[in-house]
Amino acid sequence: MTAADRLPIPDELRDRIADYPRVASTGDVEATGAYLTDDFSIVFVRPDEQVVTKAGWLALLPEIETRDYRVLNEVITRSAAGFATHHVLVHMDTTMRGVERAGEFAMTDVWTLGEDDVWRLWQRHSVPLAATTLPV
């Protein structure tokens, strides 16, 4: 698929994708929760399998200190069925519950367009290229 073949990415979706890391890094559970579907989860397959639910993620947020979060590369695609994917390579420097999680992460976020016409994050698949398991 070439860029010319892709559906256009609405500004509202681009804005939500760009805003989510900033909002989550504030530790504000209510504001972050507004970006997530009710059945949101984060899925890890490396270094160990982990599935973190929305409740688990929101409980962890106040215990995360983010010192650096940079997008290194990204591709956004959208489906006519109301889903979009954000494939992204980021560099993060964070501490979660006292555990250092720094380095590059390859992530795929799946966003869905709700009945209220608001894009929300449904699932994140995250692969730390060199990091420990999520301390949940």
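Select serine 126. It sits in strand 6, residues 119-128. Helices (H or I, at least four residues) and strands (E, at least two) are DSSP runs, numbered from the N terminus. Serine 126 is buried, at 3% relative accessible area. Buried means under 20% relative accessible area, exposed over 50%, and partly exposed in between (1.4 Å probe, protein chains only). Now show what surrounds serine 126. Leaving aside neighbours within four places in sequence, serine 126 is in contact with Val43, Phe44, Val45, Phe105, Ala106 and Met107. Contact means heavy atoms within 4.5 Å.

A word on the model before moving on. This is a predicted model: local features need pLDDT of at least 70, side-chain atom pairs count only at pLDDT 80 or more, and totals for chains, interfaces and linings use all residues. Residues are numbered from 1 along each chain as its sequence is written, and side-chain values use heavy atoms, with hydrogens and water left out.

**Aromatic rings**

How many aromatic pairs does the structure hold? There are two. Rings of Phe, Tyr and Trp (its six-membered ring) pair if their centres lie within 6.5 Å; planes under 30 degrees apart count as stacked, over 60 as edge-to-face and the rest as tilted. Select tyrosine 20 and tyrosine 35. This pair is tilted, 6.0 Å centre to centre with 50 degrees between the planes. Tyrosine 20 is in helix 1 (residues 11-25), while tyrosine 35 is in the loop between helix 2 (29-33) and strand 1 (36-44). Both tyrosines are buried.

Tryptophan 111 lies in strand 5 (residues 99-113) and tyrosine 20 in helix 1, so the pair ties together parts 91 residues apart in sequence. Tryptophan 111 is buried too, like tyrosine 20. Tyr20, Tyr35 and Trp111 form one aromatic cluster.

Now show arginine 16. It lies over the face of tyrosine 35, 4.1 Å from the ring centre. A charge sits over a ring if NZ of Lys or CZ of Arg is within 6 Å of the ring centre and within 35 degrees of the ring normal.

**The largest pocket**

Select Trp57, Tyr69, Met92, Met96 and Arg124. Of the 21 residues lining the largest pocket, these lie nearest its centre. Colour the elements next: helix 1, strand 1, strand 3 (64-78), strand 4 (83-96), strand 5 and strand 6 each give two or more residues to the lining. Helix 1 gives the most, with five residues.

**Loops**

Go to glycine 82, in the loop between strand 3 and strand 4. Is it buried or exposed? Glycine 82 is buried, with a relative accessible area of 16%. Not counting residues up to four places away in sequence, glycine 82 touches Trp111, Thr112, Leu113 and Trp119. Then pick threonine 95: it is 13 residues from glycine 82 in sequence and 34 Å away in space, C-alpha to C-alpha.

Next, arginine 97, in the loop between strand 4 and strand 5. Arginine 97 has a positive phi of about 50 degrees although it is not a glycine. At 36% relative accessibility, arginine 97 counts as partly exposed.

Last stop: aspartate 117, in the loop between strand 5 and strand 6. Aspartate 117 also has a positive phi, about 65 degrees. It counts as exposed, at 60% relative accessibility.

Notes:
1 Å grid on protein atoms, 1.4 Å probe; cavity = no way out; pocket = protein on both sides within 12 Å on 5 of 7 lines; lining within 4 Å.
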